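Please keep the structure in view while reading.

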Amino acid sequence: MELLEQFRARYPFPLDDFQLEAIRAIEGGQSVIVSAPTGAGKTLVAEFAIHMALATGKRIAYTTPLKALSNQKFNDFTRAFGAETVGILTGDVKVNPHGRVLVMTTEILRNALYGSGLDDLGYIVLDECHYMGDEARGTVWEEIIVNAPTDVLLVGLSATVANVKEIADWISIVHRPIVPIFHPHRPVPLSYAVADLAGEIHEIAEVRAGRARLVGGEPRGPDDRGRWYTRRVVDPGVLIDGLETRGWLPAIYFIFSRVGCERATDDVLAEGKSLLTAAQQSDVDHAINELIHDSPTVAESLLNQTVFQALRLGVGLHHAGILPSLKRLIELLFERGLCRVVFATETMSLGIHMPARSVVLQGLTKRTDRGFRSLSHNELTQMAGRAGRRGIDPEGKCVIALDARDGVEDLLRVVDGSPEPIESQFKLGYGSAALLLGTGAPPEALRRRIESSFGQYQNLKRIRELEAEVRTLEAALAEIKRYEAPCGDFQRIGRYRRARQEAEARRQALGRGGRRGERTVAEAETGRLARPAQGRAGPRADPRRPLDPRPSCAHRRAPAPRRRRPREERGRQADLLGHAALLRAARPGTRRPRAAPSRRRARAAVRPGAPGT
Ligand SMILES: Nc1ncnc2c1ncn2[C@@H]1O[C@H](COP(=O)(O)OP(=O)(O)OP(=O)(O)O)[C@@H](O)[C@H]1O
Ligand SMILES: [Mg+2]
């Protein structure tokens with residue numbers, strides 16, 4: 001209890017219920033997996049695990065999927081727990097590798113667990129563990145969970161996913177019992193809007209109701225030279241003006257490619273409009289000069305010079321190709337309100353703490369290893385979740401810049417979707433196979449480890465569900481077979497129903513005439529009476545002709561006798577026909593229908609100069 005109170009005292013705000021629930025479970029020696037929206041405060045749960053590890057003389061490994069995120073966490077934890085306590089291990093940096101709090105990328109921990117592991121390891125934090133569903137890298141998370149020593153507690157931190165309970169069930173089998181904590185509520189409410197090609201911003205409710213007139217929202221094909229859409233989405237400069245007018249800055253402007261981000265920065269530079277006051281501009285200059293002073297080579301690259309110019313206008317650029325020290329500068333300027341818009345790729349949506357008033361998504365189509373595809377709902381919320389600063393903004397705004405390729409239906413489908421479940425992407429690559437063999441474990445043990453994957457668990461679950469369904473159907477069939485139908489056996493009833501369906505389909509195909517009662521041999525059932533056609537002139541009435549074997553006539557209704565209309569009614573119809581004929585004659589070149597005898601009479605009455613000619 002004392003530990004929890006000490007921990008609470010570190011924060012100026014009261015802890016949320018889901019945080020307390022997770023903390024109590026960790027304190028009680030249980031693993032936890034927390035699924036909560038972006039910016040909900042999941043790091044705090046991991047910070048409690050760090051607190052516990054330090055208090056009990058254990059080590060803690062804090063893993064993230066990205067080097068940039070690892071760097072940020074390393075800086076944060078160093079400030080909070082001291083430089084001697086915290087170390088970092090990524091592909092690029094290695095600082096204090098014997099620290100009790102070791103921040104690392106997931107791959108580094110995976111490799112360590114295949115080897116001799118980490119001394120005194122008491123806790124593993126898997127930040128952004130919904131990455132387990134990532135096609136290319138998801139396997140690594142599964143490998144860590146399967147290979148982690150069972151006396152180590154796991155702390156999984158995930159964005160909102162639909163099947164956190166399923167993941168917890170699997171971990172409880174292959175590792176140790178884990179408490180799932182699902183907290184779907186955002187700390188700051190979020191609303192969506194759509195920006196059309198002209199830069200007009202429409203509330204999503206208007207778009208959903210079809211009341212918004214979206215310029216460029218209608219899908220277009222290739223132009224007459226076969227080129228696909230020359231301009232598909234609003235200019236960033238135009239949209240930024242719109243955001244500024246509405247007071248929706250600072251904003252993170254997500255563009256799904258580095259080139260796209262750089263092009264947008266160039267456009268803003270070409271326009272030259274500054275989002276900063278003169279005083280703010282001088283603060284930015286000061287921060288840039290400090291960075292150049294610390295590492296003069298930074299100023300040499302052309303890209304960095306462009307970034308500096310853009311920063312002076314209040315615009316940043318953040319993607320994997322930007323120097324880490326420059327990215328850090330942009331993050332700091334953003335936090336201080338000196339960077340009003342940052343063009344960023346999707347990776348910035350992961351964990352990096354840069355809350356904004358609004359988020360812009362340039363289109364909903366992203367490029368993957370397998371070509372272009374639409375964003376999933378989870379990916380959308382991960383990015384949109386950056387909008388809305390806790391304690392500052394009453395509401396976050398996510399503006400989707402409508403790309404003509406997407407179409408409004410696609411947009412609404414992604415926005416209105418619900419969280420998707422994580423699907424295992426487990427596949428054993430050569431690297432993992434080599435590491436597994438390198439452990440020297442007997443083949444059965446290796447096989448057991450491979451078969452412990454989440455993928456295998458999900459497959460087995462599906463097989464069991466299918467088996468249960470087969471059993472239910474078999475039981476139902478056995479029950480039906482017990483039932484003796486009074487009107488014949490089931491096979492025969494089945495044949496009858498199929499024949500009925502076929503006959504009905506044929507009748508539909510024949511149209512109105514086919515419905516009049518003609519029946520075919522296919523419809524004949526043993527024991528039904530058939531009456532040949534009679535009483536008609538024509539070949540059927542020929543006594544030398546064999547009888548038509550079709551049984552259909554038994555059901556044909558005799559035609560009703562024609563009623564002769566009264567004289568005055570007949571006269572009225574003749575008048576009408578005559579009038580129609582007059583009109584036709586008045587229009588030269590009108591095609592004449594084949595005249596019925598009565599119409600012919602009417603036409604004879606037409607004389608030049610008569611009314612209506
Ligand atoms: N109970 C709380 N009350 C108010 N603010 C909080 C609370 N818990 C955390 N915060 C603050 O919320 C912000 C976001 O927290 P954090 O980075 O942990 O979010 P997260 O859930 O990890 O998001 P992401 O999915 O982006 O990683 C931090 O500034 C943190 O200090
Ligand atoms: Mg986080």
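The largest nonpolar core comprises 67 residues, and those with the most contacts inside it are Ile26, Val32, Val45, Ala49, Val125, Leu154 and Val155. Such a core is a set of buried Ala, Val, Leu, Ile, Met, Phe, Trp, Tyr and Cys residues joined through C-beta atoms within 7 Å; a residue is buried if 20 or more other C-beta atoms, placed from the backbone, lie within 10 Å of its own. Helix α3 (residues 43–55) gives the largest share of this core, 8 residues. Apart from it lies another core, of 64 residues, including Ala68, Val233, Leu243 and Met383.

This is a predicted model, in which local features need pLDDT of at least 70, side-chain atom pairs count only at pLDDT 80 or more, and totals for chains, interfaces and linings use all residues. Residues are numbered from 1 along each chain as its sequence is written, while chains are lettered from A and ligands numbered from 1 in the order in which they are written.

An open sheet of mixed pairing is formed by 8 strands in the order β4-β3-β5-β2-β6-β7-β1-β8. Its edge strands, β4 (94–95) and β8 (178–182), each pair on one side only. Helices (H or I, at least four residues) and strands (E, at least two) are DSSP runs, numbered from the N terminus, and two strands pair if DSSP finds at least two bridges between them.

In helix α9 (residues 236–246), the buried residues are Pro236, Leu239, Ile240 and Leu243. Viewed down the axis of α9, these fall within an arc of 105°, so they line one face of the helix; the arc is that of the directions from the helix axis to the C-beta atoms.

Key: Buried ≥ 20, exposed ≤ 12 C-beta atoms within 10 Å, placed from the backbone.
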